[in-house]
Amino acid sequence: MDTKKTEHSNLDGGDPASPWSGFAEVSEAIRDNRLMEYRIKKSWADPWGQKLTVAGLAVILGVFLFLAGASFGFW
């Protein structure tokens, strides 16, 4: 068995002594953000996803307005 490490850039944070080890979390956050952005854009392009998003935001806004009105004594 060959236990020799291959030479590659150490941006994955595998070696804690590496000067690049702190960038692993940043790289993962950027990758996750791109994935979330892709999912949001894909969902918005779908007609059912767009209607569901608008309906969900309308329900959240309605509940918020109801609670705000109740706290100010409107009903």
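Is Trp-75 buried or exposed in this predicted model? Trp-75 is exposed, with a relative accessible area of 60%. Here exposed means over 50%, buried under 20% and partly exposed in between (1.4 Å probe, protein chains only). The model is predicted: local features need pLDDT of at least 70, side-chain atom pairs count only at pLDDT 80 or more, and totals for chains, interfaces and linings use all residues. Residues are numbered from 1 along each chain as its sequence is written, and side-chain values use heavy atoms, with hydrogens and water left out.

**View A. Aromatic pairs.** Rings of Phe, Tyr and Trp (its six-membered ring) pair if their centres lie within 6.5 Å; planes under 30 degrees apart are stacked, over 60 edge-to-face and the rest tilted. The count comes to three aromatic pairs. Phe-66 and Trp-75 are stacked, because their ring centres are 6.0 Å apart and their planes lie at 15 degrees. Phe-66 is partly exposed, at 48% relative accessible area. Phe-72 and Phe-74 make a tilted pair, 6.3 Å centre to centre with 50 degrees between the planes. Both Phe-72 and Phe-74 are exposed.

**View B. The aromatic cluster.** Phe-66, Phe-72, Phe-74 and Trp-75 form one cluster.

**View C. A charge over a ring.** Lys-51 lies over the face of Trp-48, 5.3 Å from the ring centre. The rule asks for NZ of Lys or CZ of Arg within 6 Å of the ring centre and within 35 degrees of the ring normal.

**View D. Helix α1 against helix α2.** The axes of α1 (residues 23–45) and α2 (residues 47–71) come within 5 Å and cross at roughly 100 degrees. That makes α1 roughly perpendicular to α2 (65 to 115 degrees). Ser-43, Trp-44 and Ala-45 of α1 meet Pro-47, Gly-49, Gln-50, Thr-53 and Val-54 of α2, where contact means heavy atoms within 4.5 Å.

Key:
Axes are lines fitted to C-alpha atoms, for helices over the stretch in contact, and angles run from 0 to 180 degrees between N-to-C directions. Helices (H or I, at least four residues) and strands (E, at least two) are DSSP runs, numbered from the N terminus. Angles under 35 degrees count as roughly parallel, over 145 as roughly antiparallel, 65 to 115 as roughly perpendicular and the rest as oblique.
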